[in-house]
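We will go stop by stop.

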Amino acid sequence: MAVLGLWMTPVSALENLEFRTPGADEALADELRQSSLLIAAQNEGNNDPQELLAAANADYGRLVGTLYSEGRFGGVINIMVDGREAAGIPPLSAPDAIRTIVVTVKPGPQYNFSRTEIVPQAPGTVLPDGFAPGQPARTPVIRDSVAAVVDGWRDVGRAKASVAGQKVTANHNVKQLAVDVGIAPGPEVRFGDLLLKGGDRVRPARLRKIAGLPTGEIYSPEALELSAKRLRRTGTFKSVSLTEAETLRPGDVMDITATLTEEKPRRIGFGAEISTVEGLALSAFWLHRNLLGGAERLRLEGNVTGIGGDTGGTDYKFSARYGRPATPDADTDLYILAEVEQVNEPTYSAKTGRLGFGFDRYINDQLSVSLGLAYVYSQDTDALGTLSYHHLTLPLNATYDSRDMPLDATKGYFADVDVMPFLGVSGSESGARVAFDTRAYKAFGDEGKFVLAGRVQGGSIIGASLTGVPNDYRFYSGGGGTVRGQAYQSLGVMVNGELTGGRSFLGLSGELRAKVRESIGVVAFADFGLVGADSFGGDADTHAGAGLGLRYLTPIGPIRLDVAAPIGGTSSGAQVYVGIGQAF
């Protein structure tokens, strides 16, 4: 019989190790080699006879398991250690030296399922496609099918569903495998108490409210995982683990134990970034993760940006934000915000103060919404002179994110929508500001080598005049966040011969990304921007840009270098952009 798989490597003490797989195809032979402890030991340079003998004996079971996983139930395995079968050598009488080991694995034919019975099953249970008569009898398929049935019962409240009995019979004459598994669904279980282990700095009542375990309701794995996510979301804990009680209390009630490891309550951080366009940015923050013993967060932060940049001047921002989870319920957090800011943009400067509060609501893993109320004061100096604005605002936000990787998405969607009605105070105008940012990603080609990415963003000021709102409500285009190749905020509307922001904006961006090496990618892109003086475009001006980019792919995200040229507009010459993560 021909030897289809042969692996031989001479070593100092162990002269050779032969691994033969007659009758196996290349894929199966490779799986067998990868499962072998003997090969692993030799790769590590381990020549100790006692350990080699132990590895040889362990390999019988490991190789049989690998054969079973591929439906090979008639395989024959021999492991000869210097001419003796390893299984026949007493473990306590290992030879002083081992020179030659020959492993021979004859896989035998692949068996098919003749019977696939797992009963009873909960309504709606879906089994793997391969678990059916006539299909290859792979053991992972059996395990996955049994797990699917058990999970099906757990999904309908039978938390203690388990395997009651199993019979797996191989008929070697016809090369078939019959599987009969009995399931004990157990009683319908209700959630009991949340027992706490760790997390002592946070009050127990607050921990239970944050977790929101539905005590008294029918058990659900999704509800249990949601309680764990709520605790993790606070940022107060380094690790969170929720464990089901092994036994039920009277009435088929099951308690849950939360094991919590706390983060250090205080944290301080500093940051610095430099950009060829925006200059140097410095930041610092102080954070308390458990301010009042209820997992409340207080973050004090300061930023100085635009130092030595080409974006109009140096900007300053200082803020304080207090957050309280589970207020009023487990999926809603309260925040209180105070901030002051001074910005110096190319076309205006502004001093702004903001004081407000609101609620963040988590709908599911992909969707969150927020609602707030704030008082905003702004003093702007621009082409219109110096004006002061007083507004009561009602900021509303919804964010949907199904991207696989936010910094380097290859599939999914992202949408962020802001609607902010504002009421003028002390003579300021009233109206609403709407803004949105939507993105989509699609991979194609071999192993997703290419990614097509698209972005549509825009906004409108409704009900108020251009001069009735501060500059940071208005819309500009140009720069890395809108149209690459055009100078930062180079597109707006003209008032009294001077440039200022518009009442409407539309931005379109498209990218074709290609991975050319394991850590190198290239990008071709084009951007388009429109800014109008009216709420819905009207007599608007447009500009565009296009270019090429290089990506160095790292575990934390791609390092981005984009070079773009203007198409239309008022800018000239190439613009260079450097950053971490894709442009969008």
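Which helix holds Glu 26? Select residues 26-35: this is helix H1, and Glu 26 is found in it. The model is predicted. Glu 26 is exposed, at a relative accessible area of 69%.

Next, select Thr 139. It lies in helix H4, residues 139-155. Thr 139 is buried, with a relative accessible area of 14%. Show Ser 69 too: its backbone nitrogen lies 3.3 Å from a polar atom of the Thr 139 side chain.

Now the salt bridges. The structure holds 28. Start with Glu 70 and Arg 138, whose closest N and O atoms are 3.4 Å apart. Glu 70 sits in the loop between helix H3 and strand S2, and Arg 138 in the loop between strand S5 and H4, so the pair ties together parts 68 residues apart in sequence. Glu 70 is buried at 18% relative accessible area, while Arg 138 is partly exposed at 30%.

Move to Arg 201 and Glu 262. Their salt bridge has its closest N and O atoms 3.7 Å apart. Arg 201 is in the loop between strand S8 and helix H5, Glu 262 in strand S10, 61 residues apart. Arg 201 counts as exposed at 52%; Glu 262 counts as buried at 18%.

Last stop: Arg 484 and Asp 527. This salt bridge brings N and O atoms to 2.8 Å. Both residues are buried.

Terms used. Residues numbered from 1 in each chain as written. Predicted model: local features only at pLDDT ≥ 70, side-chain atom pairs only at ≥ 80, totals over all residues. Heavy atoms only, no water. Helix = DSSP H or I, 4+ residues; strand = E, 2+ residues; numbered from the N terminus. Buried < 20%, exposed > 50% of the residue type's maximum accessible area, 1.4 Å probe, protein only. Polar contact = N/O pair within 3.5 Å; in protein donor to acceptor, adjacent residues only side chain to side chain. Salt bridge = Lys/Arg side-chain N within 4 Å of Asp/Glu carboxyl O.
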